[in-house]
Amino acid sequence: MANRRTGGPSKSQPSRPGSARVRSPSFGDVPPAPASSSAPPSSLDVAPHEAVTLKGIAGSPGVAVGPAMVIGDARASFARRHVRTSQIPAELERIKQAVSAAQKTLREVDTRMPPAMREASAILDAYQMMLADPTLHERIAHKLKVEKKCAEWAVSEAGEEIVALFDGAGERDIYILERRRDIEFVCDRLLRALLGNETRRTVRLDEPMIVVARDLSPADTASMVREPALAFVTCVGTRTSHTSIMARALEIPAVVGVADAIERIRTGDTLVVDGLTGQVFVHPSEEMIRDARNRSEQHLAFARRLLSARHKPCVTADGIRVELKANVELPAEAILAVDHGAQGIGLYRTEFLYIDRTTQPGEDEQYEVYRAIVEAVSPQPVTLRTFDIGGDKFASTFQLPAEMNPALGLRAVRLALKQPEVFLTQLRAMVRASAHGDVRIMIPMVATVHEMREARRLLGQATEQVKARGQAFEEHIPLGMMIEVPAAAVMADVFAREAEFFSLGTNDLVQYALAIDRASQSLAAQASPFDPAILRLIKFVTDAGNKSGCPVALCGAMASDPLAACLLVGLGLRELSMEAAAIPEIKEAVRRLTSAEAEAVAQRALACDSADAVEELLARELAPRLIDLLAGLADEAV
């Protein structure tokens with residue numbers, strides 16, 4: 001069975017593509033120079049070349065056809081020269097002025113962003129702070145004062161040294177890769193300001209075109225928001241990278257992680273960008289162009305049809321209710337979730353408040369963010385997950401120890417209990433937010449009863465502190481836990497007496513139960529949520545929760561795949577949480593079969609001996625009824 005998003009096998013995460021392992025440009029590299037000023041062809045005449053297919057990751061759905069505008073990868077060079085002692089003050093002043101210029105540019109970009117892209121403001125703010133980071137400036141000053149290197153050379157080498165601090169974890173860790181790119185972007189901005197080419201990077205499109213680049217920062221993307229960009233293609237990035245997030249917010253097709261895009265595409269080349277399969281076609285034939293335009297029209301009709309039914313109840317064909325909620329990372333996504341028919345927020349990842357900053361967020365700052373999310377979806381419920389820092393999520397404000405295997409080390413609730421004052425700050429903010437709507441609090445990575453009891457004790461302490469101040473809060477806030485550690489799954493009947501609700505986190509449950517690093521490319525095909533061992537754990541937890549009256553939800557990537565969602569309903573799940581964009585299609589999938597049909601398929605799946613056998617079963621029994629949803633295209637027969 002093929003993965004509808006990537007075009008490849010669906011044995012890993014079924015609904016979303018994996019990460020690309022592409023080397024980021026070094027800090028010493030200066031941003032790409034503008035592409036040739038020669039006018040691109042205005043027509044879509046097929047060039048006398050053989051069609052070429054490039055493969056990447058589906059970053060944003062949709063299909064686009066048009067000429068390419070390549071933001072070239074030939075970086076501007078600078079003279080690596082030594083300076084005299086008497087010149088050092090002038091070089092330091094140049095750097096100071098460059099920081100101001102770069103920050104001013106970022107502020108200007110921020111003010112020009114439309115409402116659909118307001119979530120980028122936090123990222124741009126973080127970039128402005130990073131430009132003034134003392135660590136960076138101490139290294140630059142050392143290069144100037146001690147090694148007598150010019151400003152550009154000093155910035156370049158200081159940046160390279162900071163990036164080197166990420167070596168080791170960065171090559172296997174999606175999050176670290178993204179943070180490295182953020183640092184590279186900041187130093188590139190500073191270099192551009194020093195070189196006086198800060199404005200030359202801005203892309204201006206004379207006609208609708210497809211933008212091709214090594215990478216696009218939030219500022220780059222924001223600066224093009226009013227340009228007629230048909231699609232984005234980048235050499236680096238993942239589905240969670242900034243380019244993908246921005247493209248989805250703007251509803252522009254995007255394919256990221258196309259390693260050889262710069263080498264294989266030239267400005268003016270006709271492209272087909274398929275954000276449904278993660279493919280880019282260079283020099284497509286006339287037949288391929290016709291097919292792409294047809295697919296684009298079908299996808300738009302499909303999306304409109306699903307979205308038009310977003311407020312219909314999510315019930316099986318025999319009337320069994322299934323709640324669909326959204327997983328969000330940024331406050332602006334909460335509004336998007338409601339617009340897509342979410343029945344609340346099933347998971348708000350609070351750790352993103354701690355990332356890309358030099359200090360930890362204070363109680364008031366967190367409270368304002370949580371309050372905004374709660375008010376945006378009220379009267380629907382919001383589940384706030386306490387920070388899941390550690391493992392594959394790095395935050396420099398937590399001085400985490402170096403570990404051989406971070407995924408098995410100080411992470412999530414373990415870190416929270418090691419730093420109770422930080423944890424209490426977050427809990428107080430959550431308690432205060434409960435005054436504005438239906439709030440639940442969820443603890444990640446719980447493995448022992450002791451951890452859950454300690455978390456409850458600290459929540460009680462935080463509540464008393466808020467009460468002592470005379471601040472408003474809800475008297476009872478449900479406290480639940482994520483089941484993503486096998487130990488918690490097999491002790492679910494015991495934990496049902498400690499927690500008021502469960503949420504199955506299948507991404508990590510697969511990693512820990514199958515002993516496969518979730519970021520491993522070589523083992524990705526074996527890290528399948530369809531593995532019978534995973535299905536049996538899900539069934540065991542669901543049954544234990546139902547027996548004890550403890551509600552059970554599932555918030556892993558598995559929930560956003562139509563076939564998997566139907567299987568989960570058959571396993572007894574009645575609440576699924578996923579990215580907002582997937583809600584309309586999952587709702588449609590659930591409405592097409594009865595609970596009895598889903599249960600019958602689930603029972604047969606539990607008896608299978610491999611993930612392959614489960615997928616073959618689903619393809620045979622369910623795929624024919626969901627063919628349009630799996631393809632992301634409208635079915636004329638429906």
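This is a predicted model: local features need pLDDT of at least 70, side-chain atom pairs count only at pLDDT 80 or more; totals for chains, interfaces and linings use all residues.
Are Arg 385 and Glu 351 buried or exposed?

Residues are numbered from 1 along each chain as its sequence is written, and side-chain values use heavy atoms, with hydrogens and water left out.

First, the overall picture. The protein chain has 638 residues, and 59% of them count as buried. Buried means under 20% relative accessible area, exposed means over 50%, and partly exposed is in between, with a 1.4 Å probe and protein chains only. The chain exposes about 25,300 Å², with carbon and sulfur atoms supplying 52% of that area. Accessible areas come from the Shrake-Rupley method with a 1.4 Å probe, and for residues only the protein chains shown count as cover.

The secondary structure comes to 23 helices and 16 strands. These are DSSP runs numbered from the N terminus: H or I of at least four residues for helices, E of at least two for strands. A contact means heavy atoms within 4.5 Å. Among contacts with a separation of 6 or more, 71% are between residues 24 or more positions apart.

Now back to the opening pair. Both Arg 385 and Glu 351 are buried. They form a salt bridge, and their closest N and O atoms are 2.6 Å apart. A salt bridge here is a side-chain nitrogen of Lys or Arg within 4 Å of a carboxyl oxygen of Asp or Glu. The structure holds 34 of these salt bridges. This one links distant parts of the chain: Arg 385 is in strand 11 (residues 382–385), Glu 351 is in the loop between strand 10 (345–349) and helix 11 (363–377), and they are 34 residues apart. Side chains of opposite charge can pair when their charged atoms come close.

Next, Glu 363. Its side chain meets that of Arg 428 in a salt bridge, at 2.7 Å from N to O. That pair links helix 11, which holds Glu 363, to helix 13, which holds Arg 428, across 65 residues. Glu 363 also forms a salt bridge with Arg 432, at 2.9 Å from N to O. Arg 432 is in helix 13 too, 69 residues from Glu 363. Why does Arg 432 count as buried? Because its relative accessibility is 10%. Glu 363 is buried as well, with a relative accessible area of 10%.

On to the nonpolar residues. A nonpolar core is a set of buried Ala, Val, Leu, Ile, Met, Phe, Trp, Tyr and Cys residues joined through side-chain atoms within 4.5 Å. The largest core has 110 residues, and Ile 345 and Phe 502 have the most contacts inside it. Helix 13 (residues 420–433) gives the most to this core, with eight residues. Another core, of 32 residues, lies apart from it and includes Ile 88, Leu 131, Ala 154 and Val 155. As for Phe 502, leaving aside neighbours within four places in sequence, its contacts include Met 481, Phe 495, Val 541 and Pro 551.

Helix 4 (residues 151–164) has 14 residues and reaches 20 Å from first C-alpha to last, close to the 20 Å expected at 1.5 Å a residue. The expected span is 1.5 Å times one less than the number of residues.

Helix 21 (residues 595–606) has buried residues at Ser 595, Ala 598, Val 601, Ala 602, Ala 605 and Leu 606. They cover an arc of only 135° around the axis, which puts them on the same side of helix 21. The arc is that of the directions from the helix axis to the C-beta atoms. Those buried residues pack against helix 18 (532–548), helix 19 (562–570) and helix 22 (611–621).

Last, a residue in a loop. Ala 412 is found between strand 11 and helix 12 (413–418). Ala 412 counts as buried because its relative accessibility is 1%. Which residues does Ala 412 touch, not counting those up to four places away in sequence? They are Phe 387, Asp 388, Ile 389, Pro 444 and Met 445.
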